[in-house]
Amino acid sequence: MTLEINASAAVEKPSGGISKKGLSAGSVGLVGAVVIGISCIAPAYTLTGALGPTVAEVGLQLPAIFVAGFIPMLLVALGYRELNKAMPDSGTSFTWATRAFGPWIGWMAGWGLIAATVVVLSNLAGIAVDFFYLMLSQIFGNSAEIAGLAGNPWINVGTCLVFIFAATWISYRDMQTTQKVQYWLVGFQLIVLVGFGVMAFIHIANGSAFDPTPVSLSWFDPFAVSSFSAFAAGLSLSIFIFWGWDVTLTMSEETKGSRSTPGRAATLTVIIVMVLYLFVAIAAISFAGVGGVGVGLGNPEIQGNVFFALAGPALGPFAVLMSIAVLSSSAASLQSTFVSPARTLLAMGHYGALPPAYAKVSPRFFTPGYATIASAVVAAGFYTIMRFVSEDVLWDTITTLGMMICFYYGLTAFACVWYFRRQWFATVRNAFFTFVFPLVGGIILTVLFCTTLIDSMDPNYGSGSEIFGLGLVFVLGMAILLIGVVIMLVQSRVRPAFFRGETLSLAAPRYGEIEHELERERERED
């Protein structure tokens, strides 16, 4: 790796407004942004990790929960799009919440994003390890000994660290390298997932499915879920499977058409993934059912890794392709997910909310090198600790991640509402896109966050792991937020300029200002 420069010193000194940080401008187009967005969501990885826990909560109403999770994601994505038009900045939630509500809330919004991505980075690496050894076992004649290596905590952690190092190395390099890697990995996993769904329906048609379950409109009825707590828990897991689309916004300073392209990419990413999820979920339920034995989706023994069990019965001799798809999905997302925390840390360092080292940009690759390495170190440490503490690290980190997503997405949605307060009713479009949509999305996420926080106090919540009589998910969630508060208070004493609003100040645009900036950007592109 190469020496780095301090972007805040070499590019623009922040003076209360948005400023550039030395990233590679114009290196990502619309298609590239969508591919990276899908990669960060990692459909194959998220489905194998979330299908089982979600079915455990809501049963046959899995499609209804997916649709319910899609709605707040789409509403929040529309709010993100409006904020990006006004303030294209790699800091996204941190920058926008700071300009809407001030430095304290802005700092915690940034912390929420960083914490969520560090949690998911560790989870991604864990899934990659499981499917790496599963793939090897299938290649060498379904060797149980090889597959069992993933259960050895020392081998598991060691392999995980290798994956994290490889992903860090790719992420440290330029965005062109990232895009080239993602085109292949994302394309392969999408082909395999669609192939899985097609083969599942073929088995259903010829009578060879494990537990043929006729598709019913009742699967899309959210009111058929047994209780509100079950609905909230399922919805929290559903939101997790859509998380990651906002990576397209963190690349705004590196995207062609920084005010318009990232928002369009985010919306397209959410819609494409929604269609894919519904197809695969319906196929899986129709093929395996939701029973508690065999490969039924309600079987607790397979819920942590559904595709591990379903690949053989559905794909037969091609089962290894699913292992490779999930491995490539988690590896691709592990690499692309580094984009968000690294660029948020870069922005926080650039505006003086963190030590200036985080504002360093590689002079060769124009990427936030220091922040990327810092994210990798923390993610590796978090996974190592969790692997030895939790009985089911994947399940607990998924549920904790859902809480963090609700926290910072909700804050950002409310930031959109407040930031545009002067122009809510200037037009009908403004009334919906800057007021109604983000407000409803933010309220839904806030209710989910509070419900999950209360329910997760029960030691039986999640995997059943506990600390001092409290559920591990609750302990993790509260610990992450409290650590953020402590670090923020320390930074406020060491770096008071940011917290006085001197490096990134409050702002609220007047109607017409954003449209004028968009027109100027279009003229520059032409």
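**Close-up views of a predicted model**

**View 1. V55 lies in helix α3, which covers residues 43-58.** Helices (H or I, at least four residues) are DSSP runs, numbered from the N terminus. This is a predicted model, in which local features need pLDDT of at least 70, side-chain atom pairs count only at pLDDT 80 or more, and totals for chains, interfaces and linings use all residues. Residues are numbered from 1 along each chain as its sequence is written, and side-chain values use heavy atoms, with hydrogens and water left out. V55 counts as buried because its relative accessible area is 5%; buried means under 20%, exposed over 50%, and partly exposed in between (1.4 Å probe, protein chains only). Residues up to four places away in sequence aside, V55 touches L62, V290, L297 and G298, where contact means heavy atoms within 4.5 Å. The C-alpha atoms of V55 and L297 are 6.6 Å apart, although 242 residues separate the pair in sequence.

**View 2. A nonpolar surface patch consists of V194, V198, M199, F201, I202, V215 and F279.** Together these residues have about 520 Å² of accessible area, computed by the Shrake-Rupley method with a 1.4 Å probe, where only the protein chains shown count as cover for residues. Helix α9 (residues 175-206) makes the greatest contribution to the patch, with five residues. I202 is located in helix α9 and counts as partly exposed because its relative accessibility is 39%.

**View 3. Residues 1-11 have pLDDT under 50 throughout.** pLDDT is the predictor's confidence in each residue, from 0 to 100. For residues 1-11 the model has 38 contacts beyond four places in sequence. The protein has a mean pLDDT of 84, with 90% of its residues at 70 or more.

Note on methods. Patch = residues over 30% accessible without salt bridge, like charges linked within 9 Å, V, L, I, M, F, W, Y side chains within 5 Å. Salt bridge = Lys/Arg side-chain N within 4 Å of Asp/Glu carboxyl O. Helix = DSSP H or I, 4+ residues; strand = E, 2+ residues; numbered from the N terminus.
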